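Student: I have a structure open and would like to learn how to read it. Can we go through it feature by feature?

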Amino acid sequence: MSRTSRRALLLAVPAAILLALAPSTASAYPNPGTVTGSTVVHDPTMIRTSAGRYLLYATGGGLAYRTSTDRVAFGSGSDAFTTKPSWWSSYATEAWAPDISYHGGKYLLYYAVSTFGSNKSAIGLAGSSTGLPGSWSDYGVVYTSTTASDYNAIDPNLFVDDDGKWWLSFGSWWTGIKMIRIDPSTGKQYSGDTTRYSLAYRPTGTKAVEAPYIVKRNGYYYLFASYDTCCAGTSSTYKVKVGRATGVTGPYYDKSGVAMTNNGGTAVLETHGSVIGPGGQSIMNDSDGDLIVYHYYDGNDSGTPKLGINLLNWSTGWPVAY
């Protein structure tokens, strides 16, 4: 069955039935859609240009690049930055977890520069008229954290609300997911509101929550995040969870009513079969619906990180991958 026909079928199913069919065990989660070619990625973010070309950037080097014309066959090219900005050297030698979007006739790329396990980190910003490798202009540092901070300035995601306000969520471990307001004229923190809002936190047990991504659907704000351990190949325990709120700064609650600032989160994707540790997700609206774009570790290929893409169905009021 094609993606389009499968989506049409699911949309025709009454919400109560679909809710009953929602995954209750890890084995019930869908496999990724078919992708081929250059599909080894971490923390992918993807956008479709007006000409129909998919541009995908991911963690590594000067931000790894993949491209496709059909969302199936992916090729690779040069990194976003052919020359790395000099300020990166204060934090690391490579960039992580990019977030691509298009606003005001320009592609924007937020990203993080850090080292594994450290919160001496910085979020950077670049702009481009085409979104292609080598075309990005460095706009410098947006936000930072230090080893004395109780948060980590990595994994940025830009959200533009219906009222025109810009918000940047970010964070990893420590005291969880944070958000700041952004000035649309600069892409950096808005001087009229310097509050650092808290969106998700795990106050007991592991602190492992990171990689926020926010969308607004049917009057609710939905916060997707990655929970547990990334980057350990077949030993990874990463999973994607979600909560929703009536305001962009929260509070966000899961389907059971548990706050995301108190270990809450409803599962969207978890390990199943050879698909191990899905996470590092972004959400993209395409011509056939919303996509969740993520990486997972391939249990059939020695834990190699691969690109995963699934459609999302919202008919229950909660995102269900298919």
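**Reading the sheets**

Tutor: Begin with an open sheet of four strands, ordered β15-β16-β17-β18, whose pairing is antiparallel. Its edge strands are β15 (209-217) and β18 (266-269), and each pairs on one side only. From one strand to the next, the twist averages 30°. This is a predicted model: local features need pLDDT of at least 70, side-chain atom pairs count only at pLDDT 80 or more, and totals for chains, interfaces and linings use all residues. Residues are numbered from 1 along each chain as its sequence is written, and side-chain values use heavy atoms, with hydrogens and water left out.

Student: What counts as a strand, and what counts as pairing?

Tutor: Strands (E, at least two residues) are DSSP runs, numbered from the N terminus. Two strands pair if DSSP finds at least two bridges between them. Strands of a sheet pair through backbone hydrogen bonds, either parallel or antiparallel. The angles come from axes, which are lines fitted to C-alpha atoms, and run from 0 to 180 degrees between N-to-C directions.

Student: How many bridges join β17 to β18?

Tutor: Three bridges join strand β17 (residues 239-245) to β18, and the two run antiparallel. Look at V240: its bridge partner in β18 is L269.

Student: Which strands make up the other open sheet of four?

Tutor: That sheet has the order β6-β7-β8-β9, again with antiparallel pairing. At its edges are β6 (95-103) and β9 (137-145), each pairing on one side only. Neighbouring strands here are turned by 20° against each other on average, direction ignored. Strand β7 (residues 106-113) pairs with strand β8 (residues 121-128) over seven bridges, in the antiparallel sense. Find A112, and opposite it in β8 stands I123.

Student: Where do the side chains of a strand point?

Tutor: In a regular strand they alternate between the two faces of the sheet.

Student: What do β2 and β3 form?

Tutor: They form a hairpin, with five residues between them. In the turn, G52 has a positive phi of about 90°. Four bridges join β2 (residues 45-48) to β3, and the strands run antiparallel. M46 stands opposite L56 in β3.

**Reading the rings**

Student: How many aromatic pairs does a search of the whole structure find?

Tutor: It finds 19. Rings of Phe, Tyr and Trp (its six-membered ring) pair if their centres lie within 6.5 Å; planes under 30 degrees apart count as stacked, over 60 as edge-to-face and the rest as tilted. Y57 and W136 form an edge-to-face pair, 5.9 Å centre to centre and with 85° between the planes.

Student: Why does this pair tie together parts that are apart in sequence?

Tutor: Y57 lies in strand β3 (residues 54-58) and W136 in the loop between β8 and β9, so the pair ties together parts 79 residues apart in sequence.

Student: Is Y57 buried or exposed?

Tutor: Buried means under 20% relative accessible area, exposed over 50%, and partly exposed in between (1.4 Å probe, protein chains only). At 0%, Y57 counts as buried. W136 has 8% relative accessibility, so W136 counts as buried too. Y222 and W318 form an edge-to-face pair as well, 6.0 Å centre to centre and with 90° between the planes. Y222 is in strand β16 (residues 220-227), and W318 is in the loop between β21 (304-313) and β22 (320-321), 96 residues apart. Both Y222 and W318 are buried.

Student: Which charged residue lies over the face of Y190?

Tutor: R181 does, at 4.0 Å from the ring centre. A charge sits over a ring if NZ of Lys or CZ of Arg is within 6 Å of the ring centre and within 35 degrees of the ring normal. The charged end of K241 sits over the ring of Y227, 5.1 Å from its centre.

**Reading the disulfide**

Student: Which residues does the disulfide join?

Tutor: A disulfide is a pair of cysteine sulfur atoms within 2.5 Å. The structure holds one. This disulfide joins C230 to C231, with 2.2 Å from S to S. C230 counts as buried at 10% relative accessibility, whereas C231 is partly exposed at 41%.
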